[in-house]
Every structure is written in C-alpha cells, then in structure tokens.
Amino acid sequence: MLLPIAAAGTGGLSAVLYLRRRRWLDAALAVVAGGALAAMLALPAGTAPAGAGGTLALTDDVRELDATTVAEAARIELRGHGLFDAEWRDLPARPVAWQAPRGEALWLDFPRTVARGRSFALTVTRANGAGPWRVQLLAENGAVLDQASGSGGQLTVQWLPPLAERLVLRARLQDGVGKTLHEGPVPLLVTEPQPLQVVGRFGAASFDTRVLNGLLTDSGAMLDWQTVLGAVVTRTETARAPLTSPNAAVIDAAWFERQGSAARTALLAQVAQGMPLIVLGGNAAAPAAWQGALGLPLAPQSVTTEKEDTRHVTAGGTVLALAPASYNPPRDAGMAWQVAARDNDGKPWLWQRPWQQGRIAWVGVADWHRHAIAAPRALAGWWQQVVDRGAQGSVQSLAWLQPDPLPLPGLRTELCAHGVKPGAAVTVPGQAPLAWQARTDRAGAACVAFWPRQPGWLTARSGTATGAMYVYAAGDWPAWQAGLRQAATQRYIARPPAPIAKADSGAAALPRWPFAVLLAASLLALWWRERR
C-alpha cells in the first residue's frame, strides 16, 4: 500500500506547485496522473480479473489458495507438477491449461500398520523410468532387509517384522550400475497380533471356501464354520474355544439367499451391533433378495466380456487373475454402497456399506482357489487385504486409517477410524480440540482434519485408544510428492467445471490498462504544455 500512497502524494504535491503558479489545467493533469499511477499500483497483478472471466496463473509452490479467487476465474494456467489433493479438494473446478513436467515421478504403496507375524510389502512404481533398476528396503541401522531388481515400471520388496514397535525404515532406488536415484523414509507401526474370531456360514461346498478355511486356520484364527452339503447334511467345524467377540462373519451368497426372513434379521442384528459381515458373491443367483434385504443392486456379469472383466490384483509382488462374480454392483449402486478396493486396472472388486455400528462387504470375485498351489503366499496376502478391509468397523476394536499417503507439515491432513462415534473427542498434539466427523466418502469411517506443524511421529488419542501417524519432512521423497501432485491435478482436471462467480467489488474487478492509458495521456499533455 505504500507505493500507491506515494504515487498519489506525488501527484498532489505537483498539483500544489502548479496551483501556486496559477496553472489550473496543469494542476488538474498532475492530479489525474498521480491518481492513475496510484490505481495501477493498487490493483492486483494478473492477465485479467477473476470476475471478468480471466486466467489465474498458479505454480506448484502456492499455499492457502483462496477459493473465491478460483471461483471468479474462468480458467487456470498451471506450471509445475500441480497441487496436492488436499489443496485441490475445496476449490471449484475450472478448465486447466497444464502439461505435466518430464521429470521422474514415483508412487509408493505400503501399509502403515501391520501385525507382528504378517509380511510387510512395499511396492514402488516409476512413471518415466527406463532401463534396469533396483529397490532396497533398509533397516534403521542401514542393513538391507530385502531388495528386488528388474526393468519394468514396478518392483516390490517384502519383510517379516520380528517385533512389535515403531520403525522408520528407508527405501533406496538405484539404477543398473548402483547409483542412488531416490531414497527416503518408510514409516511402519508393528502391532501385537490379535487372533481372529470368524463365523463362517456357507450354502454350498466349494474349493474357494475350502481354501479360505485353510488360510484362516494357518493364520491361527478361531473358526466357527458350517457348510451345507445337502438338504439335511451340514458339516460343522467348532472353534477350539468359545467365540466371545467375533471379528467378522463370512458367508457366501447362496447361504443368505436360502435363509428365511427370521434368520436374515438375526444376522443383520448382529452386524448392527458391530460385527462386520463379508459376503462372497461368487455364487449369487437371486439379485432381488439382496436389493430387498441390503439395498444392494446387482447386475449380471456379461458372458461375452468375462475375460475383459477379470480382475488383476497384486499381492506380495504377484499379480492374481480373479474371475468376476456372476453378479456385482453396477457403477450407480447408490450412496450407501462404496467401492472399497480396485484392481490394477481400476476395476472394483470389493464394495462396502455401513450398517449401523457394523458394516457389510461384498467380495465380487471368485475362483481364487486356482492360485492356492501356484501362488499360495500371494493368495494369503490377498485374503489378508480382504479381511483387513472387510472386517474394519468392529466396535470391539477401533481401526485407524490414514487416507493421506504422504502427510506433510503445513498441509491439510486427515486421520480416520472405524468403530468410533461421530462427535467423540480426538486429541492430537499441538492441535486445537477435535471431534470425529462422519464421512460418507470414507466407507462409513469418521475423520478429523488438521495441519501438522512438524515432521516425525504423531500420536492421536480417542478415549482409551491411541493411533500413530508419521509426518514426512518437506524434503522427503520429492519424486513421490511430484507423482501425488500430478495424480491429484489430473483428478481435478477431470471434474466438471463449476459456474463462474462474479467479483464482489468494482475496484478489484477493474483492469490496469485503462489507468495506464490515462497516465500516459496526462503525462504527454503535461510534457506538451511544458514545451510550449
């Protein structure tokens, strides 16, 4: 504001000097020139004002962008890798002129929390890499825990944590001759395992359920398993100890479809009390039953596109080809049912919906038993994903979620959880008091949002439960940050544009060029009059 004031003052002083010499017209020209220069300096720089449908220029180092500024712009001209999803989220959609830089971008995929005894897997994807390369997983002391090499765009390393503890491992990417390309932290929270208590009810014997039984038994789970073998024959496997608080119930579609209304109501009452329900949809045959009982619309799988609809899921570095179920939810399944997992090609294979205090998951693939011999480790890892995602939401166990893959200081970050009540208090160090808020786009989870102040481990508390989140430093994984920015920017560009808002005030909506013309004309007139 000092420059506009100085310009106006200079014009006024010049006018006073002309007035003392009784040069009235020159004094008026001096006032006009000073006012025009002050107005030019006071107006914001830009190609055009937002309210006039102008272009808003942005770079990827912008912070705290005002949504009103974007709402008044007709289009955005973007330079750099773009913005993070947290920065795009609350901005109205606008057409964007942007070309992604050619620099290398990375994507890291790994669980933030694993139970002791379960394998930890880190998958690194390179967008623009070429030639042979290698990924190393390093312990905190620098020792190599695992490494993988290849020439493709994706590599996976694995490790079995021996103790329950907080760790900050490191991942290192090298080229074919051993030169380090990228390196950064990989935070991991290893927890003590809790034996699963699973209730299984199946309307028909199948290789899939037999393989699932073996996988759960080998993991130490306690099973209450019943399989209908005929009209009056049922095979029962009783748990080695009473199931006091089942973590989940697993049923196949055929069993549910054959039950009467009383049995269905009893099962859903247990789910409403907090027991997650996992439905194996491979043998579904009565779509009307699911629409009526669960509000789940189902569409038949096309016979002509079954091969194209095969799901390709990566587990433990191995790609499993899984056949689609005979019926699956369509794209417009409604707000209640949300896609919980997609395959490598973006096709959904797991759907979820909340059911009072519990939740219901639909597994839309079948014939996974075909991988039991060729890839048993990968199949176990995939079912670990199914159980981890499908069994979330039990009131007996609060499950923490971290939607943001790379939390950074000063960047809006979310922390979510299943099994909590909206409105309950959440304590995050260095933050104002927070409360859980229900989020329909998080498959029924409740979330809080905050802005971390510094990197390192951060402990959140809700009641007697505690959860840990690692906040990265601003300089960690620049190539991963670039990849996340580019992906978030592409999602923003894909959104349909919103209507352009009108500017509030005329001063901010005026362009600079009329004042520049007025200034030039005034100065030219003064120069001409001084030369006479």
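I call a residue buried under 20% relative accessible area, exposed over 50%, and partly exposed in between (1.4 Å probe, protein chains only).

**Ground rules.** I am working on a predicted model, where local features need pLDDT of at least 70, side-chain atom pairs count only at pLDDT 80 or more, and totals for chains, interfaces and linings use all residues. Residues are numbered from 1 along each chain as its sequence is written, and side-chain values use heavy atoms, with hydrogens and water left out.

**Entry 1: Gln-385.** Is Gln-385 exposed or partly exposed? I found 21% relative accessibility, so Gln-385 counts as partly exposed. Gln-385 sits in helix 9 (residues 376-390). I take helices (H or I, at least four residues) and strands (E, at least two) as DSSP runs, numbered from the N terminus. Next I looked up its contacts (heavy atoms within 4.5 Å). Leaving out neighbours within four places in sequence, Gln-385 touches Val-313, Thr-314, Ala-315 and Trp-349. I also checked Ala-374. Ala-374 and Gln-385 are 11 residues apart in sequence and 19 Å apart in space, C-alpha to C-alpha.

**Entry 2: helix 9 and helix 5.** I used axes, which are lines fitted to C-alpha atoms, for helices over the stretch in contact; angles run from 0 to 180 degrees between N-to-C directions. The axes of helix 5 (residues 207-218) and helix 9 come within 11 Å and cross at roughly 85°. The two helices are therefore roughly perpendicular. My scale: under 35 degrees is roughly parallel, over 145 roughly antiparallel, 65 to 115 roughly perpendicular, and the rest oblique. Val-211, Leu-212 and Leu-215 of helix 5 meet Leu-379, Ala-380 and Trp-383 of helix 9. I sorted these residues into 6 nonpolar, no polar and no charged. Nonpolar covers Ala, Val, Leu, Ile, Met, Phe, Trp, Tyr, Cys and Pro; Asp, Glu, Lys and Arg are charged; the others, Gly among them, are polar.

**Entry 3: helix 2 and helix 12.** How do helix 2 and helix 12 lie to each other? The axes of helix 2 (residues 24-42) and helix 12 (residues 513-531) come within 8 Å and cross at roughly 150°. Helix 2 and helix 12 are therefore roughly antiparallel.

**Entry 4: the core.** I looked for nonpolar cores, meaning sets of buried Ala, Val, Leu, Ile, Met, Phe, Trp, Tyr and Cys residues joined through side-chain atoms within 4.5 Å. The largest has 32 residues, and Phe-120, Leu-122 and Trp-477 have the most contacts inside it. Strand 10 (166-175) is one of the elements that supply at least two residues of this core. Strand 10 gives the most, with 4 residues. Contacts of Trp-477 include Leu-106, Ala-171 and Tyr-472, not counting residues up to four places away in sequence.
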